[in-house]
Amino acid sequence: MAVARTNTSGLARDVEILEVLAESSEPIGVSAIARRLSRDITQVSRALATLAEAGIVRRDPVTRGYLTGWRLAALSARSMESRLAEISRPHLRTLASTLNETAMLAVLRSSQTIVIAAQISPHGLGAYGRVGSSYPAASSSTARAVMAGEPEGSWEGWLTAERLAEAGERCIVRNETDLAAELQRVRELGACVTWGEFEEGIVNISAAVRGAHGRPIAAVSISAPEFRFADNVDSGIRLVKRAAMRITEEIAWRE
């Protein structure tokens with residue numbers, strides 16, 4: 001049992017290092033990484049040496065700083081998220097250009113929704129969606145669109161106190177009864193619409209994308225300022241559902 005805990009802890013520490021490197025376009029030195037993570041420089045140096053040997057990170061020959069390595073890029077390119085992002089991009093461009101708002105594809109991972117592809121609004125004042133951004137799932141239209149595609153009762157016990165706290169006070173789902181009612185509304189509409197739950201003044205519309213097995217694996221979303229988009233919600237729902245359907249069809253065709 002102790003060995004398993006040690007391995008898990010070591011992996012978590014390695015992931016923290018990779019997250020620091022992934023956020024930078026420039027090589028980062030060992031001491032800078034250690035300071036950022038409040039970790040011992042010797043431990044960070046050993047971890048980087050092991051990761052470099054495996055090709056997960058690489059060392060810049062000039063600055064001697066570290067960057068993400070070839071193997072990490074190769075693994076990422078073969079991931080389900082990478083394939084989903086590739087399939088969705090032309091559909092997101094069409095959706096964003098039609099509505100002139102930010103279009104995204106996001107996945108649900110535990111208590112977070114993570115953006116894996118995005119087409120940013122052409123407006124100077126618009127919702128911002130960066131690939132890799134994560135948001136509390138309990139207040140996310142993406143999460144509800146995905147969750148509603150599962151049988152009733154599948155998410156019983158999911159809404160913990162911690163997830164509710166992460167969602168913030170604007171979240172209208174405050175207990176499991178609220179969540180069940182909200183998921184039922186999403187099933188009936190075929191999409192989820194949230195008004196300012198994650199960010200005040202922003203409306204989000206999401207519809208589930210299904211994998212070849214028929215289960216929801218992601219959601220297409222539009223995010224826009226309420227003052228500009230409130231009168232376009234009905235057309236937004238229709239177009240978001242259409243984009244989700246087309247991505248789902250392409251996934252099935254490729255499989």
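Tutor: Let us begin with Arg 215, which counts as partly exposed because its relative accessibility is 49%. Buried means under 20% relative accessible area, exposed means over 50%, and partly exposed lies in between (1.4 Å probe, protein chains only). Please note that this is a predicted model, in which local features need pLDDT of at least 70 and side-chain atom pairs count only at pLDDT 80 or more, while totals for chains, interfaces and linings use all residues. Residues are numbered from 1 along each chain as its sequence is written, and side-chain values use heavy atoms, with hydrogens and water left out.

Student: OK, which side chain does Arg 215 meet in a salt bridge?

Tutor: Its partner is Glu 150, with 2.8 Å from N to O. A salt bridge here is a side-chain nitrogen of Lys or Arg within 4 Å of a carboxyl oxygen of Asp or Glu. This pair links distant parts of the chain, 65 residues apart: Arg 215 is in the loop between β7 and β8, and Glu 150 is in the loop between α6 and α7 (161–167).

Student: What about the pair of Arg 254 and Glu 250, how do they sit in helix α10?

Tutor: Their side chains also meet in a salt bridge, with 3.0 Å from N to O. Arg 254 and Glu 250 are separated by about one helical turn, because they are 4 residues apart in helix α10 (residues 233–254). Arg 254 counts as partly exposed at 42% relative accessibility, and Glu 250 also counts as partly exposed, at 22%. Elsewhere, salt bridges that share partners join Arg 144, Glu 182, Arg 185 and Glu 197 into one network.

Student: New topic: what is the strand order in the open sheet?

Tutor: The open sheet has 6 strands in the order β5-β4-β3-β8-β7-β6, with antiparallel pairing. Two strands pair if DSSP finds at least two bridges between them. Strands β5 (134–136) and β6 (192–195) stand at the edges with a single partner strand each, so one side of each has no neighbour in the sheet.

Student: How many bridges join β7 and β8?

Tutor: β7 and β8 pair over 9 bridges, and one example is Asn 204 with Ser 223 in β8. Between β6 and β7 there are 4 bridges, and Val 193 stands opposite Ile 205 in β7. Strand β3 (residues 102–109) pairs with β8 (residues 216–225) over 5 bridges, and Ala 103 has Ile 222 in β8 as its bridge partner.

Student: How many residues of β7 are buried?

Tutor: Strand β7 (residues 202–210) is mostly covered, with 7 of its 9 residues buried. The hairpin of β7 and β8 has 5 residues between the strands, and there Gly 214 takes a positive phi near 95 degrees. In the hairpin of β6 and β7, which has 6 residues between the strands, Gly 196 takes a positive phi near 65 degrees.

Student: Which residues of helix α2 are buried?

Tutor: In α2 (residues 30–37), the buried residues are Val 30, Ile 33 and Ala 34. They lie on the same side of α2, because they cover an arc of only 100 degrees around the axis, the arc being that of the directions from the helix axis to the C-beta atoms. On the other side of α2, Arg 35 and Arg 36 are exposed.

Student: Finally, how many helices and strands does the protein chain have?

Tutor: The protein chain has 10 helices and 8 strands. Buried residues make up 42% of its 255 residues.

Key:
Helices (H or I, at least four residues) and strands (E, at least two) are DSSP runs, numbered from the N terminus.
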